[in-house]
2 protein chains.
Amino acid sequence: MSESRNRQIVLAQLPGSGPLRLEHFVARDGARPVPGPRELLVRPIVLSIDSASRAWMNGPTYRPQLVPGDVMAGYALAEVVDAGDAAFAADDLVLADTGWQEWATVPATDATPVRRVAALTHHVSVLGVSGLTAHLGLHDVGRVRAGDTVVVSAAAGATGNVAGQLARIAGARVVGITGSPEKNAMLERDLGFDATVCHRDPDVLGALRAACPDGVDLYFDNVGGPLLDVVLRCTSRNARVVCCGAVSAYDDASAWSGLRQVPGRVVTHRLRIEGFIVLDLVDRWADATANLVRHVESGALRVLEDVLVGLDRAPEALIGMLAGENVGKRLVRVADDPG
Amino acid sequence: MSESRNRQIVLAQLPGSGPLRLEHFVARDGARPVPGPRELLVRPIVLSIDSASRAWMNGPTYRPQLVPGDVMAGYALAEVVDAGDAAFAADDLVLADTGWQEWATVPATDATPVRRVAALTHHVSVLGVSGLTAHLGLHDVGRVRAGDTVVVSAAAGATGNVAGQLARIAGARVVGITGSPEKNAMLERDLGFDATVCHRDPDVLGALRAACPDGVDLYFDNVGGPLLDVVLRCTSRNARVVCCGAVSAYDDASAWSGLRQVPGRVVTHRLRIEGFIVLDLVDRWADATANLVRHVESGALRVLEDVLVGLDRAPEALIGMLAGENVGKRLVRVADDPG
C-alpha cells in the first residue's frame, strides 16, 4: 500500500425500500486524512458489520441518514497511529466509527479505548456492541430470571447467539428462531439451546407453541415484522419483549401488513414491550463486559464469528448478512493484527 | 317488586366481531338467589358500565368468555342484605361483580368493602375501577412527571377524563383526543385540558403534531387501533405508552390493518409500551383512593358521570358507550340509595 493511499468504500446510491445490492457501493482510492485538533488518526483492523447500517440508509435514526457520497459508516476495532494532543498513545486500540476505509480520523472523544483481554476480533463481536446489546437487553431491559422461557429471534446472529447463551447461563429455557434447519441444529448441538423453530415453517405459530408449552416469558426480538405478532400470541402473563432491532423491515419495507396483537394482548397479558439502544447504557458497559469476559474464559459462552478478509468485501458482507447468511458475528478484516 | 322476583339481563347471543345490539340481550324475571356458605346476598344499587364487558364476549381475557344464557357480568356498588357467616354486616356497601340483576349472591372473598366518603355514585366512577385505572396507569405504570406532554385517548370517557385531569394536577401539559368537537370544547373549558384533537380529523397526525410541538412523552391509550400508530409517530425519546384498553377493537375487529410503528420506532425512540389490569395492583388501591378523594374534595378533580335509570336500560347504556356517546363515567341506577 502506498504511503498516502486510503482505500474507501463509498455509498454510491441509496437502496430506497428494496434490498441492498453491490451497485449501491463504489470503492475509491482517496488520500490519507490528516487529523485536526483533538482528533486521532487510526487504522481500522476489523470492521463490525451491523444490520443497523442498513437502517441508517432509510432516514434519520439515532444518527443522521447516510447519503450518497458518504464513506460507508460503521464501527471498527482500530489502532491509533497518531494521537496528536489527545490522551491516547500510538498503538492504543480503540473502537470507533471509522467508516469503511483503511485510514480514518475520529474525534478523540468518540473513540472508546479497548484494553485487550481476548482475541482482537472478540472485541468487535462478543465483547463489542453485539455482545453488549445481548447482555444489557437480556438483563437490564428484559430482567431475565431463572426458569423463564426465553425466545430469541435471529438466534444464530451476532447478538442473538449471545443473548441465547446468556439466557441459558442465567438458568432460563432457551428457544431460538432462525431461517434454516442447519442453523437450528448448530444452536442445539453447539450452543445449548433447548429448542429451535424455523420461521419459514408454514405453521410457525404451532411450532412455537409446541416449543414453549408454558408460554414465552421473554422475547429478545432482533427482527420485528410478522414474527413479532406470532410470538406475541404465545406470551405468558407479564411477559417482556425486548426490541433491539427490526432487521426484517430495514431491507424490505413492503412485505408487512402490520402488527395486530398490540395493544389487545398487551393489556390482557400485561405485556411490556421496550426498545433500547446500547449506546444509551454506557454506564453499564463495564459490568457487562466483565461478565462476558468471565463467561468466554470459562468456556460457558462460545464465540461465533464469521470473518471475511479484505476491505473490498465489506459490501457483500453486509448484503449477505441482511439475507441471513452469516452464522455469528460478521466481521471484515481490513489489516493484520498489529505486531 | 315482589318479594322473590329478580329481574335479570341475560346475554341472549354473542355479537361475534360486529357491533353489539339490543337483540343480543334479553330481560327475564328469575328467582331471588339464596346465598350459600361464605356468600353474600346483595342488592345492586349502581351498575358500572365498562367497555371491557364487550371484550369479555370475544374470548377469554383475564376472565372466562361470556356465553349465551349468562347473566350479563359487570361490577356494581351493592348493599349487603344477608351476610350469612361472612365478616360483613347487613347494610354494608360493597363493590362486586354482581352482574346485571336486582339481586345477586357473591363469594364474600370477591366483595370489596366500600367505606362511604362521597356520593354513592362516585364510588363506581372516580373512586371506582375507572378512577383507579387512571391513577395507577398514569403514576405507577406511566410514571408521569411535571413537564411531560401527556396525550389521553377517549379523553371524555370514564377513565380518560380522570387520567387527563390527574396529569394536569401532576404538572403535565395535557392533550385530549375524542371523536367530537363538543367533547373537546368541554375538556378545554371545564377540565383544564391544554389542547384537544379530534380523531376524525382527516389530518389527525398533523393536528396532534401541532398540539404536541415537543413530542408526546406519555400516551395513556384507551382505544388502540390506528390512532395508536398515529400517536407513536409523535413520541419523544424514552416515551411511555400505557395500554389500558383497546376499545376500538372490541366492537369492530375488522376495520384495522395493523400497527406499523412497532418495533421500528420502539427501538429508535427507546419506547416502553406496557399493558396493565387494575386488578393486579390492589395493593396500590388504598393510596390511589386517598389521592382521588383528596383531589375531589379540593375541587381540583371534577367528577363526570353519565347516569341512566333502570336496570332494563343497561344494554342501551353499554351499546351507546361503545359508540362513544357518553361523557364521563356511564352508570345505570338499579335501586335508590339505601335510606
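How much area do chain A and chain B bury between them, and what share of it is on carbon and sulfur atoms?

Modeller: This is a predicted model, and the values below are computed from it. Chain A and chain B bury about 2500 Å² between them, and 60% of that area is on carbon and sulfur atoms. The contact draws 31 residues from chain A and 31 residues from chain B. On the chain A side, Arg260(A), Val267(A) and Arg270(A) supply 22% of the area buried against chain B, more than any other three residues. Two salt bridges are counted between the chains. Arg270(A) also takes part in a salt bridge with Asp280(B), side chain to side chain, at 2.5 Å from N to O.

The largest nonpolar core has 58 residues. The members that touch the most others are Leu208(A), Tyr219(A), Ile273(A), Leu208(B), Tyr219(B) and Ile273(B). Leaving aside residues up to four places away in sequence, Leu208(A) touches Val151(A), Val175(A), Ile177(A), Val197(A), Val230(A), Val231(A) and Cys234(A).

Strand β9 of chain A, residues 173-178, pairs with β10(A) in the parallel sense over four bridges, and Val175(A) stands opposite Ala195(A). Between β9(A) and β10(A) the chain passes through helix α4, residues 181-190 of chain A, in a right-handed β-α-β crossover.

Five bridges join β14(A) to the parallel strand β15, residues 329-333 of chain A. Within that pairing, Leu308(A) has Val332(A) in β15(A) as its bridge partner. Helix α10, residues 314-322 of chain A, lies on the path from β14(A) to β15(A), and this β-α-β crossover is right-handed.

Charged side chains complete the picture. Over all chains the structure holds 38 salt bridges. One of them joins the side chains of Arg43(A) and Glu79(A) at 2.7 Å, N to O. Arg43(A) lies in strand β3 (residues 39-48) and Glu79(A) in strand β4 (residues 75-82) of chain A, so the pair ties together parts that are 36 residues apart in sequence. Both Arg43(A) and Glu79(A) are buried. Elsewhere in chain A, a network of salt bridges links Arg5(A), Arg7(A), Asp29(A), Glu102(A) and Asp312(A).

In chain B, the side chains of Glu325(B) and Arg330(B) meet in a salt bridge at 3.0 Å, N to O. Arg330(B) counts as buried because its relative accessibility is 5%, below the cut-off of 20%. Asp337(B) forms a salt bridge with Arg333(B) through their side chains at 2.9 Å, N to O. With a relative accessible area of 33%, Asp337(B) is partly exposed.

Key: Residues numbered from 1 in each chain as written. Chains lettered and ligands numbered in written order. Predicted model: local features only at pLDDT ≥ 70, side-chain atom pairs only at ≥ 80, totals over all residues. Heavy atoms only, no water. Pairing = 2+ DSSP bridges. Helix = DSSP H or I, 4+ residues; strand = E, 2+ residues; numbered from the N terminus. Right-handed = clockwise from strand over helix to strand, strands pointing away. Core = buried A, V, L, I, M, F, W, Y, C linked by side-chain atoms within 4.5 Å. Buried < 20%, exposed > 50% of the residue type's maximum accessible area, 1.4 Å probe, protein only. Contact = heavy atoms within 4.5 Å. Buried area = accessible area lost by both parts, 1.4 Å probe. Salt bridge = Lys/Arg side-chain N within 4 Å of Asp/Glu carboxyl O.
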